[in-house]
Amino acid sequence: SVPLSFFGGIGGASRVGVLVKGGNYLEALAKTGVVVMDKTGTLTKGSFAVTRIRPVNCSEQELLEWAALAEQFSSHPISLSIRAACRPAPDQSRVTDGAEIAGHGVKAVVDGRTVLAGNEKWMEVNHIRAAQGEKPAGTVVHVAVDGAYAGYLVVADQIKESAAPALKALKEAGVRRTVMLTGDDPAVAQAVGQQLGLDQVHAGLLPGDKVDWVERLLQEKRPGEQLVFVGDGINDAPVLSRADIGVAMGAMGSDAAIEAADVVLMDDDLSKLPVAVRIARKTLAIVH
Ligand code: ADP
Ligand code: MG
């Protein structure tokens, strides 16, 4: 049975916008030692702007239209931004087939031609030699048409204003280790990690790699410590359930993520997490 004051703790958490789905999770939160986070949508706003268009053997508009049409098979924040940047909206009937490949990008049939859009890994898988050399500040989305490289777009995200204070408060609340797991390029990931002072950054990960890292971090825990994973549910649903405590973003997160999570941050504000840890610790102190 759950001690009565746990309900007070859960109520206290809910008043600051943190939904805790049971007394056992409140008790676990009090013992948070390791906080693992996704980047896009968790530490960053997850709303990208297209900042560069670099066509190869085609026009900027052609490149943008191919990317935007192929991206309709994805609901990733990168996809939404590319589609929003393509004005006027291209004729949807040009697309006849397509699919999203998690952690890689998309593949679609546009104008009867096979269009690929995604990261460098996605080009490698398809034996396409992508452009290199320029080190742009942002995530690169490469495009290929019928096996030929067609250029790239750069999309840039922004770190949330709440991220740095939240990480500082987590450390002050006794969290030993902060880790970012991301599918994005190492260059982008390192820049974010450094700016936020994270203890560890692991980039270029596929959804399965994120699970492997969480398993490893679970093994490295100290006795009694709990591991929290915070994500938006896009490409990280498996790690949400694997962590001791899965925390989902309530506003941006998918319905499936909110369902699978043990704790939900109602307005996507990471700084609510240290507040919840403190409430949990106080509650536990009262109970014991
Ligand atoms: P994160 O861990 O930052 O949330 P994801 O696992 O969601 O990242 O995606 C990893 C990477 O895969 C992205 O940084 C991007 O390079 C690529 N990617 C995923 N979905 C798409 C898409 N729809 N279009 C282009 N690239 C994509
Ligand atoms: Mg994500």
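1. Two strands are taken to pair if DSSP finds at least two bridges between them. Strands (E, at least two residues) and helices (H or I, at least four residues) are DSSP runs, numbered from the N terminus. On that basis, 6 strands form an open, antiparallel sheet in the order 3-8-7-6-5-4. Strand 3 (49-55) and strand 4 (95-101) are the edge strands, each with a single partner, so one side of each has no neighbour in the sheet. From one strand to the next the twist averages 15 degrees, where axes are lines fitted to C-alpha atoms (for helices over the stretch in contact) and angles run from 0 to 180 degrees between N-to-C directions.

2. The model is predicted: local features need pLDDT of at least 70, side-chain atom pairs count only at pLDDT 80 or more, and totals for chains, interfaces and linings use all residues. Residues are numbered from 1 along each chain as its sequence is written, while chains are lettered from A and ligands numbered from 1 in the order in which they are written.

3. Strand 3 and strand 8 (residues 148-156) are joined in the antiparallel sense by 6 bridges, and P55 has G151 of strand 8 as its bridge partner. Strand 5 and strand 6 are likewise antiparallel, over 6 bridges, with G105 partnered by G118 of strand 6. Their hairpin has 2 residues between the strands, and D111 takes a positive phi near 55 degrees there. Strand 6 and strand 7 run antiparallel and share 4 bridges; the bridge partner of L116 in strand 7 is A144.

4. The domain assignment divides the protein chain into domain 1 (4-45 + 159-287) and domain 2 (49-156); such bounds come from an automatic or database assignment. The domain centres, taken over C-alpha atoms, are separated by 31 Å. Domain 1 gives 11 residues and domain 2 gives 9 residues to the contact, for which C-beta atoms, placed from the backbone, must lie within 7 Å.

5. Ligand 1 lies between the two domains, because both give residues to the shell around it. That shell has 23 residues, of which T40, S74, N119, G183 and D184 come nearest; a residue is near if its C-beta atom, placed from the backbone, lies within 6 Å of the molecule. Helix 4 (77-85), strand 5 (105-110), strand 6 (113-118) and strand 7 (139-145) are the elements that give two or more residues. By class, the shell has 5 nonpolar, 13 polar and 5 charged residues. Ala, Val, Leu, Ile, Met, Phe, Trp, Tyr, Cys and Pro count as nonpolar, Asp, Glu, Lys and Arg as charged, and the others, Gly among them, as polar.

6. The buried residues of helix 4 are P77, I78, S79, S81 and I82. A residue is buried if 20 or more other C-beta atoms lie within 10 Å of its own, exposed if 12 or fewer, and partly exposed in between, with C-beta atoms placed from the backbone. These buried residues of helix 4 pack against strand 3, helix 3 (60-70), strand 7 and strand 8.

7. A cis peptide bond joins R87 and P88, with omega about -5 degrees; P88 is in the loop between helix 4 and strand 4. H127 is not a glycine, yet has a positive phi of about 60 degrees, and counts as exposed, with 8 C-beta neighbours inside 10 Å. D268, also not a glycine, has a positive phi of about 65 degrees, but is buried, with 21 other C-beta atoms within 10 Å.

Conventions. Two residues are in contact if their C-beta atoms, placed from the backbone, lie within 7 Å.
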